[in-house]
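Work through the exercises below with the sequence and the coordinates at hand. Each task is followed by a solution in steps.

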Amino acid sequence: METRGDFEVQLEGMREYYRGGNTRGASWRKSQLRGLGRLLEEREAEMNAALEFDLGKHPVESYRDEIGSLIKSVNYALGCLKGWMSAEKAKLPLAAVLTTAEIIPEPLGLVLIISSWNFPFGLSLEPLIGALAAGNVVVLKPSEVAPRCSSLLANVLPAYLDPKAVKVVEGGPTISEQLIQQKWDKILFTGSARVGRMVMAAAANHLTPVTLELGGKCPAVLDSLSNSWVREVAVQRILGSKFSACAGQACIAIDYVLVETKFSSTLLELMKVWISKMLGENPRESRSMARIVNKNHFFRLKTLLEDPNVKASIVYGGSMDENSLFIEPTILLDPPLESGLMQDEIFGPLLPIITLKKIEDSINFINSRPKPLAIYVFTHNDSLRKRMVAETSSGSVTFNDAMVQYVADTLPFGGIGESGMGNYHGKFSFDTFSHHKAVVRRSFLVDFWFRFPPWNDHKLQLFRSMYLFDYLGVLLTVLGLKKSKQD
Amino acid sequence: MAGEDKKQQPFDSKAASSLVAELRGAFASGTTRSYQWRESQLRGLLRMTDEHEQDIVAALRSDLGKPELESVLYEAAMLRNSCKFALKELQRWMMPEKVKTSLTTFPSSAEIVSEPLGVVLIISAWNYPYLLSLDPVVGAIAAGNAVVLKPSEIAPATSALLAKLLGEYMDSSSIRVVEGAVPETTALLEQKWDKIFYTGNGRVGRIVMAAAAKHLTPVVLELGGKSPVVVDSGINLQIACRRIIVGKWGNNNGQACIASDYIITTKDLNELETFYGKNPLESKDLSRIVNSDHFTRLTKLLDEDKVSKKVVYGGERDPTKLQIAPTILLDVPRDSLIMNEEIFGPLLPILTVDKLEESFDIINSGAKPLAAYIFTNDKKLKEHFVNNVSAGGLVVNDTTVHLAVHALPFGGVGESGIGAYHGKFSFDAFSHKKAVVYRSFMGDAAIRYPPYTNGKLRLMKALLGGSILGILRALFGRS
């Protein structure tokens, strides 16, 4: 175990390495991205094994949610890097003769990435792609709650990336607390709002900018749908975005469903049919569903169901096995809204169905709660669609599906209010780890003599015209044909 | 009158919390979201500035002794321009931005929608009290938010003028001014805002960010630093000096966040001082020091032992009028007080180095400033400077002008700040960029979900890899 002193020496070493300009060139950045690409290709089997050990994930789920998505992101960054790194010309008014202006992205320096346990590779490496593409040196702190994944990252990253520029620090809350007290040029944190507050408070001491990827209760609004085929697609997508997403332990998983009372029994029947089709008779054996990550979370979820009113609302599933940390897919119909289940982010395979008189009531329902990371709406109704976008606020809104926004490289991924601040993915990752520096270049040749004191009304009038880009006015004033306002 | 009653009561936590609740109600009613409202408020700011320019000039003279031309140019005209630019672009800014979608989400369409954050707090500074209060307000309004503005109490005439004028010209259901000092600001900072925009110094910036952290409120912090000017040989010294002079003493007598703080040049440029001598500044063209605290602070910098003999021009001061003459110091020690805090006044130290390249190390060894300037004709030196000096913004062969370019983000990095504004960056600073995806019911329903099979894995690999051939292969059973 390193002492604080050792650790600070290491950080200073990383800053030195950064100041030496080693991470600035496109070729270094590309080499790091290619290194990540090779890691993902060569270590897929070990990564799958670690995910199975820590979370009971099936390799297809691991590929879909983490490895495959990362490969896509690495390739995207490699393809776009040159464009991202290039300066962006800024438009200047005509008056700015012989002047150029541009915005140049530069790295921030030494950045800290704190990752979460539910997608331990995805949530560590997706930000890392952005940080390296932007030319920074990085300390990565994976979650200790997924220990096999954490130690795999600590072991393999040095083999594929520049070890002077990327360091993995393993450990628990004490280590995290020590880390956030250091001076960073940026922190990207994925986790709970409670810890997010602590990270931002620590960052405030150093005026460190932060991106906080937090969570919330992501609702799925299910409107009446035209035919049974479409209904079945919707149900599969809803079930998949709950039970198949790390058993509901995902920030963008569907937390609960809102549906009109008259459709709730149809919905329930469809769900029962499809759960058994998708997850099989023994989801634990088939690993078609992940397990609960640890005893803490297992008991947290168990407690949510122990509330007698909540228990009474269970209409499917509910059984739990402490030894295997497995909770079977569970559906509840109208559990009490003040229960823990409906107040806190569930982060588990418990799916409440809340019934409403009219589907439009879902807008007020959502707005009376903290802003979620995502809202999902299944509907054909164009006016409901427009109202949802205009009248609710969330990190994102997806229509007729769920969770797919995660793999879209052109969309910012981030929250608002309690669900977070800042965003990343695609170019947003590059931008979040960059400083956009304004650069103006002037010539010695041209100047407006009236810029300088001593001041008089004549100069003032010239300025009035200049600022309005009233070139004719300038000309007339210079020729003495236009008087100042004061005259 | 109701307004005056409110003034007598202390503005405490309870008052702050009910103010926020009131504005949240106004925001929730949707008032601030329409294009018409935003446009009318921006026009209100414009009319207000036009119709009361003389009152603004008078308030700035009272608070800072600011020369009329500086008030008109750097405060009124710039604010007007900001309003006009926002009015011109508003419709475009408000439109959602369509984005391309790829095979991974096929079929789908997507866009990024800008929505207001809600109720925002803007805390302003004393040196450009009109501009730095209202320029962020322009962005907040353009983005459709409800706003509370807290002007600086160190510029009390402007603060009172803003409270009066905004009350008259703006929609007070959604735009309010709270005057006051530390207690009022503390009460405001305890509340939950959807964004806090602060202009000022790093010490208070930390307090603002710590308060914001309690509510997970995002912040923009426009702070300061020591903006250096590197001066090379072989340039038109007269023009360079003029530009440096106006950027320093022509800007509120050096009390500006992007004023040149100190000069670094090579030993052969002692002539620099003589040029200043040749460009006398009339005293009525200069702002005074804002208050006695800052006056004392600045005289302390001047009178420090290591530094007092280094004055080569100026140095005169008048405590009764809070005036300090433009002052130049040569070769001050790097560990002196004056070289270790932002000067924010009319003192200009000149450091000399053997080779100009050393100046980059000097700059980079300190905190990242809000701005950095270089005067040179040497192309290599220019590019080296641009690529290796980190600051909020850089200007080659001039100072401070980047402030006026709407198309450039104005903000700091590291100790000089977080976030940026001006032009569209103001609109963005007060907006949430919401991702919206429209999916069809057709598509990949089955392969994403269990039961998981190798065939699904192959197809998924091909889809995420984005290659049509790969997909065809996977669909037809080969890989």
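Helices (H or I, at least four residues) and strands (E, at least two) are DSSP runs, numbered from the N terminus. The model is predicted.

**Exercise 1. Place H215(B) in chain B and list what surrounds this residue.**

Step 1. By those DSSP runs, H215(B) lies in the loop between α9 (202-214) and β7 of chain B.

Step 2. Set aside the neighbours within four places in sequence; the contacts of H215(B) are then R197(A), E418(A), E190(B), Q191(B) and K192(B). R197(A) and E418(A) are in chain A, while E190(B), Q191(B) and K192(B) are in chain B.

Step 3. For E190(B) a polar distance can be given: the side chain of H215(B) comes to 2.9 Å from the backbone oxygen of E190(B).

**Exercise 2. Which residues of chain B carry the UniProt feature "active site", and where do they lie relative to each other?**

Step 1. The UniProt record, an unreviewed entry, puts the feature "active site" at E222(B) and C257(B).

Step 2. E222(B) belongs to strand β7 (residues 219-222) of chain B.

**Exercise 3. Describe the interface of chain B and chain A by its extent and its residues.**

Step 1. Count the residues in contact: 103 from chain B and 108 from chain A.

Step 2. Take the area: the two chains bury about 8,400 Å² between them, with 64% of it on carbon and sulfur atoms. Of the area that chain B buries against chain A, L216(B), F441(B) and Y452(B) supply 11%, more than any other three residues.

Step 3. Turn to the polar pairs. Between chain B and chain A, 36 residue pairs are in polar contact, both residues being at pLDDT 80 or more.

Step 4. Sort the side of chain B that touches chain A. Helix α5 (residues 68-94) of chain B gives the largest share, 9 residues. By class, this side holds 55 nonpolar, 23 polar and 25 charged residues.

**Exercise 4. How many salt bridges cross the interface of chain B and chain A, and which strands join across the two chains?**

Step 1. The rule finds 4 salt bridges across the interface. One of them pairs D398(B) with R442(A), with the closest N and O atoms 2.8 Å apart.

Step 2. Strand β16 (residues 396-399) of chain A and strand β18 (residues 431-439) of chain B run parallel and are joined by 4 bridges.

Step 3. Within this pairing, S396(A) has A435(B) in β18(B) as its bridge partner.

Conventions:
Residues numbered from 1 in each chain as written. Chains lettered and ligands numbered in written order. Predicted model: local features only at pLDDT ≥ 70, side-chain atom pairs only at ≥ 80, totals over all residues. Heavy atoms only, no water. Contact = heavy atoms within 4.5 Å. Buried area = accessible area lost by both parts, 1.4 Å probe. Salt bridge = Lys/Arg side-chain N within 4 Å of Asp/Glu carboxyl O. Polar contact = N/O pair within 3.5 Å; in protein donor to acceptor, adjacent residues only side chain to side chain. Nonpolar A, V, L, I, M, F, W, Y, C, P; charged D, E, K, R; others polar. Pairing = 2+ DSSP bridges. UniProt positions renumbered as here; feature names shortened; annotations may be inferred.
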